[in-house]
Amino acid sequence: MILETFSDVVDFRRAQGKMYDLQTVLDLATIARLSGAFSYRKIHTFIVGRYDELKEKYNITWKKIPSFSCIRFIILGANTHSMHEGFKKDAAKKLMEMKKLKEMNKEDELLVFSSDGKGLLGSYDHSKGVRAIQDLSIYSNDYNLIMAIEKIDEKTNEIPAAQRLIPELGIKGAIFTFDAMNCQFKTLDILVESGNDVIVQVKGNQEVLLNDCQRIAASCEPTDEFIEGLEKGHGRITDRKVSVYGPELITNLHEKWGNVINTIKVERFRLLSNTKKNNYEDDSGVSYYISTKSLTAEQYNSIIRGHWSIENKNHYVRDVAMKEDKSRIRVKPQNMAIILSLALNILRYNGVKNIENRLYENTLSFKRLLELKM
C-alpha cells in the first residue's frame, strides 16, 4: 500500500484475471498528478517513464505495465463515494497534524472554512446534451486544505449539497463562510445544530433581509467598527471599513433568522487603474453580512476577506497550475477531481506555495517527488 487514502475503496471487478490492484492504480495516479499528469494518457506516460523507479520504491510486482485503457477503466470504475470518504478522512487527518504542528489548539483560535461551487468546465458533452459538472468544495482558510469536494446534483445548486455535506464532515466549533446564494435560514439552522457558526453575505435573493440590514445600518449606531487602512498594489487602491450592528436587531423582526447574532456592513473604497485612459476608476461598494457568532469588527473583516481564498488559492490553482479546466474527462470526472484534490492537499501539507513550479520540479526529478510527505 502506497497511500492510505483509498484503502477502503472496494474493487468493482471480479476476482478472476485481475492483474492490477485498484489501490495501487489510484495511488500511482495521485503520484502522477503530483508530476503534472492531468489526463489518463499522461498518467500512463508517467508510469511508463518512471516504472523502474516506482517498482523499486513501492515494491510493485506487476509482470507488465498496464495499458492506458486499463488505467482509465480502473479509475472510472472506482466507487466515487468511497473515494470521497477516504479523501475526507485524509484531509481531516492532515488538518489535525498541521493544527498540532502550529500549536493552534487554543480555545481562542478561530477555525474557518469557506464553501463555494466550481464547474469542471471541460466535462461538458454537447453530443449528449450534458452540461459541465459542478462540484461543491469545502476549504480550510487557515491551512489551505480542501476538506471535501462533492458533485452537485443536476437540476439543483450548491444549497442542498452544502446543507447535506457540512454536517457529515464531523467538524465542530468552526465558522463556515458562504456567498449570498447560501443565505438561507435552513442552512444557518443546520450548521448551528451541528455545533458550528455561519457568516454569509446578504444580497437581493433575500430582499426583505437585505432591506432590514440596510435600515439597521442607516438608523442604528454600530457596536464596533474597524478601518483597515489604505492599501496600494496590483493596480488598485483600497480601503475598507467594517461596522457591526446588533445583537438581535434582525431576529426581533424575523423569527426564522433566530440564529443571527450580528449584522455586518462592509464599505469598500476601491480605485482601479485604467492603463488605457491612464487614470483610476471608482469601484467602491457596500456589502452586508449576517453572522451567528459574535466577533469584533476586525475579526469579521479578516474572515470575510479570507472567504475569497477559496477562489484564489483553490479554484484558480486547480484551473491554472493543475490544469483542471483543460481536462476533457466527461465520464465520472469527479474521480479525477478527487485525485487532483488529494495531490493538491499533499503539496499544501508539505508547505508548497508555488504549486506550478513544484509540479515542474517533480516532473524533472523523481527524487524531488519522493521528498513529499504523503
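1. Asp 11 is partly exposed, with a relative accessible area of 21%; here buried means under 20% relative accessible area, exposed means over 50%, and partly exposed lies in between (1.4 Å probe, protein chains only). Arg 13 counts as buried at 16% relative accessibility. The side chains of these residues, Asp 11 and Arg 13, meet in a salt bridge of 2.7 Å, N to O. The term salt bridge denotes a side-chain nitrogen of Lys or Arg within 4 Å of a carboxyl oxygen of Asp or Glu.

2. On provenance, this is a predicted model in which local features need pLDDT of at least 70 and side-chain atom pairs count only at pLDDT 80 or more, whereas totals for chains, interfaces and linings use all residues. Residues are numbered from 1 along each chain as its sequence is written, and side-chain values use heavy atoms, with hydrogens and water left out.

3. Arg 358 and Glu 361 form a salt bridge whose closest N and O atoms are 3.8 Å apart. Because they lie 3 residues apart in helix α12 (residues 355–364), Arg 358 and Glu 361 are separated by about one helical turn. Helices (H or I, at least four residues) and strands (E, at least two) are DSSP runs, numbered from the N terminus. Arg 358 is buried, at 10% relative accessibility, while Glu 361 is partly exposed, at 24% relative accessible area.

4. A further salt bridge links Arg 368 to Glu 371, with 2.7 Å between the closest N and O atoms. Arg 368 counts as partly exposed at 29% relative accessibility, and Glu 371 counts as partly exposed at 45%. The search of the whole structure finds 18 salt bridges.

5. Helix α1 (residues 22–33) packs against helix α4 (residues 68–77) at an angle of about 100 degrees, their axes being 10 Å apart. Axes are lines fitted to C-alpha atoms, for helices over the stretch in contact, and angles run from 0 to 180 degrees between N-to-C directions. Helix α1 is therefore roughly perpendicular to α4, a label applied to angles of 65 to 115 degrees.

6. Leu 22, Val 25, Leu 26 and Ala 29 of α1 make the contact with Ile 71, Ile 74 and Ile 75 of α4, where contact means heavy atoms within 4.5 Å. By class, the contact of α1 with α4 has 7 nonpolar, no polar and no charged residues. Ala, Val, Leu, Ile, Met, Phe, Trp, Tyr, Cys and Pro count as nonpolar, Asp, Glu, Lys and Arg as charged, and the others, Gly among them, as polar.

How values were computed. Angles under 35 degrees count as roughly parallel, over 145 as roughly antiparallel, 65 to 115 as roughly perpendicular and the rest as oblique.
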